[in-house]
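Hello,

Here is the structure you will be working with. My notes follow below it.

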Amino acid sequence: MADNKGAEPAKPAPVKTTLKVALLTPGPVSDSGWSALAYDGLKAIESDLKAEVGNQEAKDAQIKDSMRSYAQKGYNLVFGHGFEYNEPAIDVAKEFPNTVFVSSSGGKTAANVGAFRFALEEGFYLAGITAGELSKTHKVAMIGGPDVPSIRSTFKAFAAGAKSVNPDIEVIEKFTMDGQDVAKAKQATLAAIDQGADLVIHQANAAAQGVFDACKEKGVLAFGANLNQNDNPSGVVLASAVIVAKPAFIELAKRVQAGTYRGEITTAGMTEGAIMFTFNPKLADKVSPDIRKKIDIASLSIINKALKVPMDSF
Amino acid sequence: MTEVVDILRFAAPIGLAATGETIGQKAGVLNVGLEGMMLAGSYAAVIASGASGNPWLGFGAGMVAGAALGLVQALFTLKLAADQVVAGTAVNLLAMGLTSALFRLQFGTSGKLLSVPTLPKFAGGLDLVLIGGLLAAAAGAWVLAKTKFGLALRACGEYPSAAQAAGFSVTKIRLIAALAGAIAAGAAGAYLSLGISGSFAENMTAGRGFIALAMVTFGRWRPVWVAVATLFVGAADWAQFSVWAQNPALPPQAWRALPYVLALVVLVCAGRGVAAPAALAAPFQEEA
């Protein structure tokens, strides 16, 4: 290690052979949401950087095993798509100094361990403003799959957005405890609407259709999350809070390839173009120019960092 | 009234599967593959409903998918006398892998949110499957308790040699019971995807098949008790979203555990003296 000066720890060297990138997801990559967008990012790395890629569903005790097996096979970057991959990465990374381990959020770093976080909260905050303005019942709902800190944080941002324009609004929150359970997502949504909610946002991933169909059945509007879901066949998605993951994934892989990656914690939000809040043009008549203007002003303030959207650290 | 229908609807997938499983276990067949058969039923139902536009065709396809897996499992457990737990586990893994692989093959690796025609509902929220399911469960209980066939079926679960000595084919009766359970599991999965969700997601059964297995034990192999235990679970699931969810101080995990605690209490108080079928999960090979 000729370039290892003083106490500075060893850093992964540039990759001279074919770049190898692995993705670990907390759920199936077919979830049309959180895991799917990371998988699409991985496929973009494969096609744009001619990288060799692999992916695996890994949670709890499997995480370290999966990380080790990819690192042993010479993978240069192992990306864990969730905060829960951060701590295992710290342990495993010590054994594999030439592999970079990055998690989606998380607070710990090492020379070859870092985290980057999509500030989806910003999109949820804007959805909250829209919901707070539009709700006639002064009740809105959030339907979550598993009860995890990352989902709770986006829900807090949605509630804060709604309360910023409608301080008396009631925010109903329900978790199905399972990201794949479409039936419970639908039943939880129906219950929330029965309790008076007239706008619904979700973090239900593969189960999101249950949320949308419940809204359609009861004649209320919904927000899409993670991906742009405005064209959902239910026709109830008013706007979506979207994560634009591909550029961030490719940028990360490029830095690993060039050997310039340094273990760090970064956040990618609207300023970086990684988060968008997009209205459904087909439902344009539901949102008055006044509300659109408010959203535009809030968006600009977020981009200029004049407005700080609440984000939990975990 | 709508609350009662809501609770019925929450309980129905588990209830259908548990009723079928009660019949199977009474005949001595343990179906650990229940979860997989439900999942296959959910998948086949959504695909058939989406392709044909007819939810009843989808519901039928779900039952056929359950029956097909039931036949595969019966081949190993009844004909080849394989261990029933191992065979059932293999069926679960097969169904999970197969439905996921087919789903990704058809709709792309990153998936698609599917929306297909659902089963029609009457005013008040009831539908044909809820009514038919209740009637079928009652009929099943009557056949088990009151008919000669029911007696022979129970004999296969208690002391199969005696059933054979009385002139019955144990393998045939067990096959009928296992298939009835498999078809009920397929129907349970189809109801989950077409009666409630209108969509499919990988692994959407989310453990309901295993809960149905537990309900059979909680219900002490008595169809009516099994139905009551299932209603507890349905009521707690419903309450979790409709009643207590308004109080954020109470963690949802506590409400998910509640029906099992209740069922356990009932079990301890009322379940004494009722044992599992003596020949449950024991292979039987007929002598030529």
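Chain A is split by the domain assignment (automatic or from a database) into domain 1 (20-118 + 245-268) and domain 2 (120-243 + 280-303). Their C-alpha centres lie 29 Å apart. Twelve residues from domain 1 and ten residues from domain 2 make the contact between them; two residues are in contact if their C-beta atoms, placed from the backbone, lie within 7 Å.

This is a predicted model: local features need pLDDT of at least 70 and side-chain atom pairs count only at pLDDT 80 or more, while totals for chains, interfaces and linings use all residues. Residues are numbered from 1 along each chain as its sequence is written, and chains are lettered from A and ligands numbered from 1 in the order in which they are written.

The largest nonpolar core has 193 residues, and A:Val21, A:Val200 and A:Ala222 touch the most other members. Such a core is a set of buried Ala, Val, Leu, Ile, Met, Phe, Trp, Tyr and Cys residues joined through C-beta atoms within 7 Å, where buried means that 20 or more other C-beta atoms lie within 10 Å of a residue's own. Both domains of chain A give residues to this core, so it lies between them. Leaving aside neighbours within four places in sequence, A:Val21 is in contact with residues including A:Leu42, A:Tyr75 and A:Ala253.

Between the chains, 32 residues of chain A are in contact with 28 residues of chain B.

Regards

Definitions and conventions
Buried ≥ 20, exposed ≤ 12 C-beta atoms within 10 Å, placed from the backbone.
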